[in-house]
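Here is a short report on one protein chain.

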Amino acid sequence: MASALMKARRSPALPSVAVMALRRAFAAASMGCDIVSAAPGVALQKARSWDEGVSSKFSTTPLKDIFQGKQVVVFGLPGAFTGVCSAQHVPSYKNNIDKFKAKGIDSVICVAVNDPYVLNGWAENLQAKEAIDFYGDFDASFHRSLELDLDLSAALLGHRSQRWSAYVVDGKIKVLNVEKVPSEFKVSGGEVILGQI
C-alpha cells in the first residue's frame, strides 16, 4: 500500500480523488489520536473583526486551550461563503446546538482555511456566531498536520480542508467522519455525529 501511495503521488494521470483516498488510509487524524499532539505548535485564530484582531495584537488560540479537558464537536470544511458549506454544513450544527449541549458538549467548532475576518463575516451572515465557535486555519497548518488538507485549486480555492467532523474528548478523537469528496455531504453533518456521541 505504501508503494502504491508513492506511485499515486508521482502519477499525474491518477485522479486527485484516488490519491486522497489512498492518502486517507495513512492520515494523522484517526480515532484515538491526540489532536493536540498531532498538530504540535499549531494555533488557530478565533473569528473576529479587524478591529478586534488589532486590539488583541492578532492573538491566536493554542489547540490545548480549545480541546484539553473538554468535550468538543469540531467540523472542517472547504471554505466560507461556499455552496454546501453555507447551505448545509454549518446549518446542520447551528440547528442542532441544543441537542449537542444536552449531550454535554462544551463547544461546537467550525475550522476552515480562511482568515478570521472572513470567517467572522460569514458567521454573522449565517447568524451562527452565537451557536458555533469559528476558527481560522489561515495557512492550513492545522489541516496539514492532521492530513485533512486538500488541493482545491481546480475550484479556484487553493489549498483547503476536506469536509469532515470529529467528536473529541480531552483532546482525543473518539469519532472521525471524512467525506469522500468535498462536494458530498453524507457523513460530516450535525445529525450524523449527534448519533455517534
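Contact here means that heavy atoms come within 4.5 Å of each other. The model is predicted.

**Overall make-up**

The protein chain has 10 helices and nine strands. Of its 197 residues, 48% count as buried. Among contacts between residues at least 6 apart in sequence, 67% join residues at least 24 apart. The accessible surface comes to about 9300 Å², and 55% of that belongs to carbon and sulfur atoms.

H89 is found in helix 6. Leaving aside neighbours within four places in sequence, H89 is in contact with F75, G76, L77, V84, R163, W164, F185 and S188. The side chains of H89 and R163 are also joined by a polar contact of 3.0 Å.

C85 lies in helix 6 too, which spans residues 83-94. An unreviewed UniProt entry lists C85 under "active site". Not counting residues up to four places away in sequence, C85 touches L77, P78, G79, V90, P91, W122 and R163.

H89 is buried because its relative accessible area is 0%; the cut-off for buried is under 20%.

Seven strands form an open sheet in the order 2-1-5-4-3-8-9, with mixed pairing. Its edges are strand 2 (61-62) and strand 9 (172-178), each of which pairs on one side only.

| Strand pair | Sense | Bridges |
|---|---|---|
| Strand 4 and strand 5 | parallel | four bridges |
| Strand 3 and strand 8 | antiparallel | six bridges |
| Strand 8 and strand 9 | antiparallel | six bridges |

Individual bridges can be picked out. C110 has F134 in strand 5 as its bridge partner. V74 is partnered by A166 in strand 8. For S165, the bridge partner is N177 in strand 9.

**Helices across the sheet**

Which strands does helix 6 lie across? They are strand 3 (71-77), strand 4, strand 5 and strand 8. Helix 6 runs at about 175° to strand 3. Helix 8 (residues 116-125) lies across strand 1 (43-46), strand 3, strand 4 and strand 5. Helix 8 runs at about 155° to strand 5.

**Strand 8 and its end**

Strand 8 is largely enclosed by the rest of the structure, because five of its six residues are buried. V169 is found in this strand, which covers residues 164-169. With a relative accessible area of 25%, V169 is partly exposed.

What does V169 touch, not counting residues up to four places away in sequence? K70, Q71 and K174. The C-alpha atoms of V169 and I105 are separated by 9.2 Å, although the two residues are 64 apart along the chain.

Strand 8 and strand 9 form a hairpin with two residues between the strands. In this hairpin, D170 takes a positive phi near 50°.

Note on methods:
Residues numbered from 1 in each chain as written. Predicted model: local features only at pLDDT ≥ 70, side-chain atom pairs only at ≥ 80, totals over all residues. Heavy atoms only, no water. Buried < 20%, exposed > 50% of the residue type's maximum accessible area, 1.4 Å probe, protein only. UniProt positions renumbered as here; feature names shortened; annotations may be inferred. Pairing = 2+ DSSP bridges. Axes fitted to C-alpha atoms, helices over the stretch in contact; angles between N-to-C directions. Areas by Shrake-Rupley, 256 points an atom, 1.4 Å probe, with all protein chains shown as cover. Polar contact = N/O pair within 3.5 Å; in protein donor to acceptor, adjacent residues only side chain to side chain.
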